[in-house]
Amino acid sequence: MARAVSTKTKIGWTIAAWFVALLIFFPILYAIITSFKTENEAIAGFDLIPSFTLDSYREVQSQYNYIRPFMNSVIIAVGSTVLALIVAVPAAWAMAFSPTKRTKDILMWMLSTKMMPAVAVLVPIYLIFLRTGLMDTRTGLVIVLMLMNLPIVVWMLYTYFREIPGEILEAARMDGATLSQEIVHVLTPMAVPGIASTMLLNVILAWNEAFWTIQLTTTNAAPLSAFIASFSSPQGLFWAKLSAASVMAIAPILIMGWFSQKQLVRGLTFGAVK
Amino acid sequence: MGSITLKNVRKAFGDVEVIPGVDLNIEDGEFVVFVGPSGCGKSTLLRLIAGLEDVTSGQINIDGQDVTDAGPAKRGLAMVFQSYALYPHMSVRKNIAFPLKMAKMSEAEQEKRVAHAARILNLDNYLDRKPGQLSGGQRQRVAIGRAIVREPSAFLFDEPLSNLDAALRVNMRVEISELHNSLKTTMIYVTHDQVEAMTMADKIVVLRAGNVEQVGSPMELYSKPANKFVGGFIGSPNMNFIVGEGAAKHAAHTIGVRPEHWQLSTEGGEFSGTVGVAEHLGSDTFLHIHLDDGTPIIARAEGERDIHHGDKIFLTPQDGRIYRFAENGLAI
């Protein structure tokens, strides 16, 4: 129910909201500003007005190849998402529509793996990667990121699938649909909004993932997150260049997020309001 | 063809027995209504026939074939759900054609059958719409269309009209009856509304707590209820029950008299009471009467009877219209 709020209070809250939003966004904004500064300006101290030089961008692009880590990021993010969906759709389907006594436990157990710090399994995974030749390969990263995000993907899909009325699936069964036809023709199209937002979120998570990508790559498979990290080099910090690299790394995902924000918000609040 | 036989069909969910064991014969072409209060197991029984639930024990035969372990698709039945269960992402045309597509029928044949169903159900102008753009009654028709095109051996309806408003419900009731008359296919219809049961059925199956209380034609159930439960459930308003002295006079534990079977008088009669509420409907007047011993009674009087709250009234059951029940509820 809407409550009557005086104009004064409204203005007050609006200002407060803008302030909080700006506070959260400020580090990114400052990185963007710094990327347009010269290195001298960058270390000089706090200053919001850059000299708008593109030198840092030029240098980043000439010294390091941006395209390669960019392509790696795309392949790893999209690849791990697609793979995760292939595994998670049937899993979530089974849990949502033929739950057993243990379904809730399994879901909790899957989520609990996310409570463990990733570094706890670094050594075993590192060794497995060394032995199997997955080290510094895109395939390796696709697999490991898919596994890392799988619990969240299954959870999200499970929640969406639970919203689909069971009678519709029963109707499909009465209409002669086999299990796979039921999933392909009825369940999946109805779950598209949910699947789409799960996909978007997973792409974002995979794109921004920095722990595994840095640990398990050197040059060949390094995505943009590792690309940024490589700028904090032992020769000393070059703030302007680091900022330029960061902006180049986050720009694609920011743009994607901007265009799909409606879908994302709808997906994340799906089922919350009836 | 569509004759269905249930032999000692039992269903339990864990330790809870929902259907203790039902035997039932449904002839080809019959319109059978399962009726009973909510939770009586009528929907479960329908779902067992549909194959959406597994039977715990017993056998289900369709046209002489044992289908007890066959999946829903293999039974050749079509079902119309309470929520309509249309596919929201498909147009009306695709919804109706879906079972045909699953049966891998040729496009031309699909087109022909969809057009035929749309014509019968007055859906010609809505074929390209999505279910979300239709009214409740239209959605119901689409659900029926999806059932018709398969040319099933029997239709199963699970409370199909309960989501519609009262006026539309009467229309759809007539439409479904007419559909049955023209298709002559077996129909099994589940409802808690005894008016639907009385008006549509060739044969009514009254259920209570998973048990079949009585099977018979609407008029059989009305005039010869096997027990107090059936007597009270069939007929609207409900049958009046009188116990004690009033019943003892008729050598019964309980007597039942339908509201329409009272002779009313202001001078004298077998029972006397006071009018609590008089509902003047125009065609009829329903009197809610309190007998002198406090028993509430409903009586139907002619529409223009001038009678009001607080009036003294005498009631006598019409000759041969008294239903007598023993203490265990069975009819005597």
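**Architecture of chain B**

Buried residues account for 41% of the 332 residues in chain B. The model is a predicted one. The secondary structure of chain B amounts to 9 helices and 18 strands. Along the principal axes, the C-alpha atoms of chain B fill a box of roughly 75 × 45 × 35 Å. Among contacts in chain B with a separation of 6 or more, 62% join residues 24 or more positions apart.

Helix α3 of chain B covers residues 107-120. Its 14 residues should span 20 Å at 1.5 Å a residue, and the end C-alpha atoms are 20 Å apart, which agrees. Five residues are named as buried in α3(B): Gln110(B), Arg113(B), Val114(B), Ala117(B) and Ala118(B). Viewed down the axis of α3(B), the buried residues fall within an arc of 135 degrees, so they line one face of the helix. They pack against α2 (92-102) and α4 (136-148) of chain B. On the other side of α3(B), Ala108(B) and Arg119(B) are exposed. Just after the helix, Asn122(B) adopts a positive phi of about 60 degrees.

Two further residues with positive phi lie in loops. Asp63(B) is not a glycine, yet its phi is positive, at about 50 degrees. Asp63(B) sits in the loop between β4 (57-62) and β5 (65-66) of chain B. Asp63(B) has 15 C-beta neighbours inside 10 Å and therefore counts as partly exposed. Glu151(B), also a residue other than glycine, has a positive phi near 50 degrees. The loop that holds Glu151(B) runs between α4 and β7 (154-158) of chain B. With 13 C-beta neighbours inside 10 Å, Glu151(B) counts as partly exposed.

A cis peptide bond links Ser236(B) to Pro237(B), with omega at about -5 degrees. Pro237(B) is placed in the loop between α8 (228-233) and β11 of chain B.

Strand β11 belongs to an open sheet of 3 strands in chain B, in the order β11-β12-β18, with antiparallel pairing. The edges are formed by β11 and β18 (323-325) of chain B; each has a single partner strand, so one side of each is left without a neighbour in the sheet. Direction ignored, neighbouring strands of this sheet are turned by 25 degrees against each other on average.

Strand β11 (residues 240-243) of chain B has a covered face, formed by Asn240(B) and Ile242(B). Phe241(B) and Val243(B) form the uncovered face. In a regular strand the side chains alternate between the two faces of the sheet. Antiparallel β11(B) and β12 (residues 254-257) of chain B are joined by 4 bridges. Across this pair, Ile242(B) stands opposite Ile255(B). Strand β12(B) is also joined to β18(B), in the antiparallel sense, by 3 bridges. Here Gly256(B) stands opposite Tyr323(B).

Another open sheet of chain B has 5 strands, in the order β13-β17-β14-β15-β16, and its pairing is antiparallel. At its edges stand β13 (262-265) and β16 (296-302) of chain B, each with a single partner strand, so one side of each is left without a neighbour in the sheet. The twist from one strand to the next averages 45 degrees. Within this sheet, β14 (residues 271-280) and β17 (residues 312-317) of chain B form an antiparallel pair over 4 bridges. Phe271(B) has Leu315(B) in β17(B) as its bridge partner.

Note on methods:
Residues numbered from 1 in each chain as written. Chains lettered and ligands numbered in written order. Predicted model: local features only at pLDDT ≥ 70, side-chain atom pairs only at ≥ 80, totals over all residues. Pairing = 2+ DSSP bridges. Helix = DSSP H or I, 4+ residues; strand = E, 2+ residues; numbered from the N terminus. Axes fitted to C-alpha atoms, helices over the stretch in contact; angles between N-to-C directions. Expected span 1.5 Å × (residues − 1). Buried ≥ 20, exposed ≤ 12 C-beta atoms within 10 Å, placed from the backbone. Arc of directions from axis to C-beta. Contact = placed C-beta atoms within 7 Å.
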